[in-house]
Amino acid sequence: ADCVVASVDYRLAPEHPFPAALDDVVAAYRWVHLIADELGIDPAAIGVAGDSAGATISACVCHETRRLGLPTPTVQGLIYPLVDIRMRFDSYETFAEGFSLTRRTMDWFRDQYLPHLTDELRTDPRVSPLCGDLAGLPPAVIATAGFDPLRDDGRAYADALRAAGVDVTYRCYDDFLHGFYGMMVLPDAAAACVEIDRALGRVLWEAHRAARDARDWR
């Protein structure tokens, strides 16, 4: 992506259930904005990205920063995110077993992160970003894996964002399992990671150039 990366070591469940992880990432995002000059980065080109749980939190950060009146991210990079905690999509049943990540494991993860899950919380954009107001959210780069219980989450979010007028780059890597973004020793997975990262980098660099040109014009 040709950019500075700040990796956030957010607190984990079950010791630290929701909203600890989201609070930590929002705090880190706010901190990066505050000291952008010290870090040598352009505050007009700060995005969020992650895979799996990190993708879900990244999507939630876009909603939460807007709710808190903070600058919203320039781009959201979402690699096989979960976007609806109700987990109702067909891919949860199609790939319930036999493809590394299972439906049973996903249920366990949800129970650890949300031990007191209420009906109201199920549709809260802090855990189910698909259920929030999507209009005006940042451009998105979304990638999914073809053999993954979360496959349909990413596709549904891409479709919903586009319907809300958000610019979306979406691709399903049909031959991959959940977790391919960390499988850099496999040539095909490495190539997919490069493709995803370059797509993120393009959005960031376009925002940087636009901000620079605006400053020069003034």
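1. Start with aspartate 51: its bridge partner is isoleucine 79 in strand 2. Strand 1 and strand 2 pair in the parallel sense, over four bridges; pairing here takes at least two DSSP bridges between two strands. Strands are DSSP runs of E with at least two residues, helices are runs of H or I with at least four, and both are numbered from the N terminus.

2. Some housekeeping: this is a predicted model, with local features needing pLDDT of at least 70 and side-chain atom pairs counted only at pLDDT 80 or more, while totals for chains, interfaces and linings use all residues. Numbering runs from 1 along each chain as its sequence is written, and side-chain values use heavy atoms, with hydrogens and water left out.

3. On to the whole sheet: it is open, with four parallel strands in the order 1-2-3-4. Strand 1 (48-51) and strand 4 sit at the edges, each pairing on one side only. Neighbouring strands are turned by 10 degrees against each other on average, direction ignored. Axes are lines fitted to C-alpha atoms (for helices, over the stretch in contact), and angles run from 0 to 180 degrees between N-to-C directions.

4. Two helices to look at against that sheet. Helix 3 (residues 53-68) lies across strand 1 and strand 2, at about 155 degrees to strand 1. Helix 7 (residues 151-163) lies across strand 2, strand 3 and strand 4, and runs at about 150 degrees to strand 3. Contact means heavy atoms within 4.5 Å.

5. Helix 1 (residues 20-34) has 15 residues and reaches 21 Å from first C-alpha to last, close to the 21 Å expected at 1.5 Å a residue; the expected span is 1.5 Å times one less than the number of residues. Its buried residues include Leu22, Val25, Val26 and Tyr29. The buried residues of helix 1 pack against helix 2 (36-39), strand 1, helix 3 and helix 5. Buried means under 20% relative accessible area, exposed over 50%, and partly exposed in between (1.4 Å probe, protein chains only).

6. Now the aromatics: a search of the whole structure gives nine pairs. Rings of Phe, Tyr and Trp (its six-membered ring) pair if their centres lie within 6.5 Å, with planes under 30 degrees apart counted as stacked, over 60 as edge-to-face and the rest as tilted. One of the nine is tyrosine 80 with phenylalanine 180, edge-to-face at 5.4 Å centre to centre and 70 degrees between the planes. Tyrosine 80 lies in the loop between strand 2 and helix 4, phenylalanine 180 in the loop between strand 4 and helix 8, so the pair ties together parts 100 residues apart in sequence. Tyrosine 80 is buried at 0% relative accessibility, and phenylalanine 180 is buried at 1%. Ring pairs also link Tyr80, Tyr173, Phe176 and Phe180 into a cluster.

7. Last, the salt bridges, 14 by count; the rule is a side-chain nitrogen of Lys or Arg within 4 Å of a carboxyl oxygen of Asp or Glu. Arginine 67 forms one with glutamate 64, with the closest N and O atoms 2.7 Å apart. These two are three residues apart in helix 3, separated by about one helical turn. Arginine 67 counts as exposed at 56% relative accessibility, whereas glutamate 64 counts as buried at 6%. Glutamate 195 and arginine 171 also meet in a salt bridge (2.7 Å, N to O). That pair links distant parts of the chain, helix 8 and strand 4, 24 residues apart. Salt bridges that share partners also join Glu93, Arg103, Asp107 and Arg110 into one network.
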